[in-house]
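Biologist: Could you walk me through this one? I'll ask, you answer.

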Amino acid sequence: MFNSHGMSSVAVVGTATVVTMLALRALRRRWSPVITCKLSCRCGKIQGEVSAIRQDSIRINCYCADCREYATFIASLGKQDETTIGKLGDNRVVQVCKSALKITQGQELIKLARKAAKPNAKGQIYMHRFYASCCSVPLYNTVDFLGFVGVFTDFLDERCKEYAGPVRMFPEEALGTPASPEADVFVPDFLWKLLRYHLWRNCGPFDYKQEPVYWATAEAKKQD
Ligand SMILES: [Zn+2]
Ligand SMILES: [Zn+2]
């Protein structure tokens with residue numbers, strides 16, 4: 001057990017550590033470059049831009065089955081053979097604050113897709129996934145009450161490789177084992193970014209009110 005003296009030195013050391021870490025993060029962020037890249041859907045009717053400080057970004061290779069099913073469904077809308085799905089079943093996004101994304105052309109062509117109208121038994125949060133209706137490609141995923149957006153790097157220019165990462169998510173759902181796997185997502189960093197982005201949760205070019213296409217139900221119907 002701590003006596004009162006022991007307790008206070010633990011508190012002092014703890015506070016000093018947290019303050020130092022936050023100060024180091026703030027310094028690193030100051031030195032972190034702003035990276036701007038152009039967004040263009042496959043046919044070019046939709047144009048936009050992502051502009052974010054490197055440290056406020058994170059490239060994510062997501063191996064989850066949901067992202068795959070969604071990507072397959074969106075491609076099928078336009079009878080496209082080519083999807084955003086990588087060899088091992090991955091979809092690649094760069095996650096930034098909602099305020100980092102701008103659409104400069106073709107906003108009316110961007111449509112909303114959601115997994116289903118009602119949450120499943122586990123209470124899973126269904127993302128708001130936006131896609132290009134002109135050429136049937138997924139563009140970006142978000143959640144209406146959170147501050148982040150994950151933009152598909154397939155439709156960003158080469159500079160997007162300069163964003164932080166990549167890290168992987170849901171590797172247990174991958175379709176194979178990569179030769180040189182990405183680092184696992186560092187959860188404290190991920191949550192810290194979500195918290196920081198939260199002030200901007202109402203920003204960005206997102207129309208959550210449009211009638212979505214429900215991809216899980218639509219896929220199930222096709223298989224019947
Ligand atoms: Zn297009
Ligand atoms: Zn996913």
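Biologist: Which residues do ring pairs link into a cluster?

Modeller: First, this is a predicted model, where local features need pLDDT of at least 70, side-chain atom pairs count only at pLDDT 80 or more, and totals for chains, interfaces and linings use all residues. Residues are numbered from 1 along each chain as its sequence is written, and side-chain values use heavy atoms, with hydrogens and water left out. Rings of Phe, Tyr and Trp (its six-membered ring) pair if their centres lie within 6.5 Å. Ring pairs tie together a cluster of Phe130, Tyr140, Phe206 and Tyr208.

Biologist: Why is the pair of phenylalanine 130 and tyrosine 140 tilted?

Modeller: Planes under 30 degrees apart count as stacked, over 60 as edge-to-face and the rest as tilted. Here the ring centres of phenylalanine 130 and tyrosine 140 sit 5.7 Å apart and the planes meet at 40°, so the pair is tilted.

Biologist: Are phenylalanine 130 and phenylalanine 206 buried or exposed?

Modeller: Buried is under 20% relative accessible area, exposed over 50%, partly exposed in between (1.4 Å probe, protein chains only). By that cut-off, phenylalanine 130 and phenylalanine 206 are both buried.

Biologist: Which residues coordinate the zinc ion (ligand 2)?

Modeller: Donors are N, O and S atoms within 2.8 Å of the metal (3.2 Å for Na, K and Ca), and water is not among the atoms, so sites may look incomplete. The donors here follow the spacing C-x1-C-x2-C along the chain. At 2.2 Å, the zinc ion (ligand 2) is coordinated through SG by Cys62, Cys64 and Cys67.

Methods. Chains lettered and ligands numbered in written order.
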